[in-house]
Amino acid sequence: MQLLDLELVFERLPMPLPVWRATVDRAQWLAAAQAVAAGGGRLVSLWGSDRRDSAEGCFVVSVALATGEGLAWLDLPLSDGVLLYPDLGGVFPCAVRLQRAVYDLLGIDPEGATDLRYWLNHGDWPGDFYPLRRECSGQERLDDHEVVDYPFIKVEGDGVHEIPVGPVHAGIIEPGHFRFSIVGEKVLRLEERLGYKHKGIDKLFERQAPAEGYRLAGRVSGDSTVAYAWAYCMALEALSGAAPPPRAAWLRAVLLERERIANHLGDLGALGNDAAFAFGLAQFMCLKEDWLRLNARLFGHRFAMDRIVPGGVAVDLDAEGGAALLEQCAIVEREVRILRQIYDDHAGLQDRFITTGTVSPRLATQLGLTGMAGRASGVAFDLRADFPVTPYDQLDVQMVTHRNGDVAARVIVRFEEIFESLRLIRRLLHGLPEGALRADLAPPQGRFGAGWVEGWRGGVFVALEVEGERIRRCHCHDPSWQNWPVLEHAVIGDIVPDFPLINKSFNLSYAGHDR
Amino acid sequence: MWKILTQIAKKGIRSEPAPTLGPEEGIEAGRIQQELLAILGRALTIREVDAGSCNGCELEIHAVNNPYYNLEGYGIKFVASPRHADLLLVTGPVSRHMAFALKRTYEATPEPKLVVAIGDCGCDGGLFGESYASLGGVHNVIPVDYTVRGCPPTPLDILRGILAAVRVRHESGQ
């Protein structure tokens, strides 16, 4: 890999995807980010580690950047003891919250950043408490605390007022706080405050054996359990120099595509409901329930939790099971085509969908919108098509994109992705290789491994660092980090009652973001 | 409109035990409905609080509302405010940052109130346990009447849990 004329020494990680690792200094850190941005690349994730007791002997901040060639994982060791690194917020806006989180967890600051508010820390951790530092066990019991005010940005003007929403929401939804500044019904500004679900997962990983970590990874965001478990296992397999047997890889893809369809079915129903079209909810929820019940019958779990394991899968599929999956694909395809026609023809529904919550392709690119929502705004990235791992390299995945970037576009992309995933599942089942389900993993040989999987929401990234039989650091990145800030822009100028609809069309993860 | 009506008619009433439903599950669902009405004699309203889950439990709580389980058909419904609720359905583990909001929600719920903790994490913290950021099971923060295990529990387990909580309260004569 080459980033412009930067003389970086890249080490290719032994992975099915092109991922390179390099160590940089502060100047190269910024120059590399600028080079990637200028070349149309993206920021995938940014995180920090305490490696004072490792070879580096210091804190390290890391960034994962996607280019047309693959993923560049850059480590910046702060070996001079100055706990500052160049701010990337000016190059990639989505870096801002990631950097705020790095500060809360590790106490190292982006130099020159202007937004230094707490993010994952809600202002009540003791002054010297940085959970990812070695001196913290993570098992501390912190005292009860007073509620700390969060300095939301105020909108001034005649008739402007605020609506605070959450963290406990009106529906069956994850917790988070939304602060709307409105005039009449019109949203002038939305500011999110997240971090309510922070459960200390990064720290908890340090107490896990590498071979067991897939269970925790599978519970970072329950609706993407297959994607997370796969990404974790990919990272661990890279460290052990092993690959899952072909049959296991194909079954993983079946589970991943079924997860994508399950979520799209649920969200398409909920989107109908949020536009007062309860018929849609009832119809799609029936399809989703059938889908999950077949998961339970064939794979022993409705969401296939813990079915992807290091080295392979913990499920198999016999001829009868394969036939049941194919039959269900046919039923769902027929039903979803009917429902799509009904959605398309319904004037009231389309009136709510079209031009609502618009993110133009230009804004989407600028802010780094990613995954399914990105594809609905013309940001054409899909790991299954761009860097296909086995078995996707044999399936010719057709990426679905749209350019309108509104709720309607995200609905269309979801419909089309269902049809494409149904096609992929059929191909997978017809070509399912025979053989072993799980490869034995040797103890990890390397230190660093990465996993990168196109979940239903977008790319799920896992950076894993092990030392012998323990995990030193496991960073799980949810694509919601990129997309939450864009949601704030998507609602500007729309009316408050359209917010649930816009929000659902993205359906971002709180748990995956807060970790 | 014609297409919508055709689709509704074709789909039929799924709340009846459908072929994909095992006969045992169908009987179970019917029994729950009868017991609930016998004990409560009226509607039950639920406020769901996600106090830090991975969102897996929420997916299954959503499913309880689908036509198969038809929760509203039993006279049970989810409401938007704790002030309208008889029962809090809480998923966990309770994150440190949600503890305050959970307590406030509990206080805002009128007496007599029931609390059902959902999922392994709601019961005892599950895989997340207790740490600087997780307070573990729901009972560490507010009183719990009944717990439903599972990761996540199935919709039918959640239904059973709701009924069992009502029954426990009924039998204790409160």
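The 53 positive and 70 negative charges of chain A have mean positions 3 Å apart. Lys and Arg count as positive, Asp and Glu as negative, with His and the chain ends left out; each charge sits at NZ of Lys, CZ of Arg, CG of Asp or CD of Glu.

A word on the ground rules: this is a predicted model, where local features need pLDDT of at least 70 and side-chain atom pairs pLDDT 80 or more, while totals for chains, interfaces and linings use all residues. Residues are numbered from 1 along each chain as its sequence is written, chains are lettered from A and ligands numbered from 1 in the order written, and side-chain values use heavy atoms, without hydrogens or water.

Buried residues (under 20% relative accessible area, 1.4 Å probe, protein chains only) make up 64% of the 515 in chain A.

Now for the rings. Over all chains there are 23 aromatic pairs, meaning Phe, Tyr or Trp (six-membered) rings with centres within 6.5 Å; planes under 30 degrees apart are stacked, over 60 edge-to-face, the rest tilted. Here are two of them:

| Pair | Centre distance | Plane angle | Type |
|---|---|---|---|
| Trp73(A)–Phe448(A) | 5.6 Å | 75 degrees | edge-to-face |
| Phe178(A)–Trp484(A) | 6.1 Å | 40 degrees | tilted |

Trp73(A) is in strand β5 and Phe448(A) in strand β13, so this pair ties together parts 375 residues apart in sequence. Trp73(A) is buried at 1% relative accessibility, and Phe448(A) is buried at 9%. Phe178(A) in strand β9 and Trp484(A) in helix α14 are 306 residues apart, and both are buried. Strands (E, at least two residues) and helices (H or I, at least four) are DSSP runs numbered from the N terminus.

Definitions and conventions
Buried < 20%, exposed > 50% of the residue type's maximum accessible area, 1.4 Å probe, protein only.
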